[in-house]
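Visitor: I would like to learn how to read charged pairs and helix packing. Please take me through a case.

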Amino acid sequence: MTGIIVVGVDGSETALRAAQTARGLAVSLGATLHVVSAFDSDRTEVFGSGSDRWIVSDADDAETVAKDVAASLRGDDINVTYAAARGKPAEALIHEAERSGAQLIVVGNRRMKGLGRVLGSVANSVAHGAPCDVYIAKTDIPE
């Protein structure tokens, strides 16, 4: 399978575990791994000192998260790309999978038990709306 595997990250330990699982799958299948971080608002802040100005937005923060995780997953055995995508996490993953023609989306099983399972989770939403196969990685920490 040469193709694309999409994985979502948010800076959490569980998302990093899902990304590591996705990396293993991508290496095994000869696929490109596309790391995505979602942002849902257009909040922008301007910082400055004298004539210097910096604009920081939620999109920048999301891109930094995706870029850092992608860098940690790179190696000679895999091609890793990254992006920040607008929308709630499930929407952003589905959109990126559609946009890139992905064959697989990898998500963690966080919030798949108890009240979170009833109220919904990213994994549940992705599984029901994805244009491709979905792999749910076991990322919760045993108690």
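Visitor: Which residue forms a salt bridge with Arg-99?

Guide: Side chains of opposite charge can pair when their charged atoms come close. A salt bridge here is a side-chain nitrogen of Lys or Arg within 4 Å of a carboxyl oxygen of Asp or Glu. Arg-99 pairs with Glu-96, the closest N and O atoms being 2.9 Å apart. Both lie in helix H3, three residues apart, about one turn of the helix. Helices (H or I, at least four residues) and strands (E, at least two) are DSSP runs, numbered from the N terminus.

Visitor: What can I rely on here?

Guide: This is a predicted model, where local features need pLDDT of at least 70, side-chain atom pairs count only at pLDDT 80 or more, and totals for chains, interfaces and linings use all residues. Residues are numbered from 1 along each chain as its sequence is written, and side-chain values use heavy atoms, leaving out hydrogens and water.

Visitor: Is Glu-96 buried or exposed?

Guide: Buried means under 20% relative accessible area, exposed over 50%, partly exposed in between (1.4 Å probe, protein chains only). Glu-96 is at 5%, so it counts as buried. Arg-99 is exposed, at 51%.

Visitor: How many salt bridges are there by this rule?

Guide: The count comes to four. One of them joins Lys-88 and Asp-40, with N and O 3.3 Å apart. That pair links distant parts of the chain, 48 residues apart. Lys-88 lies in the loop between strand E5 (80-86) and H3. Asp-40 lies in the loop between strands E2 (32-39) and E3 (44-49).
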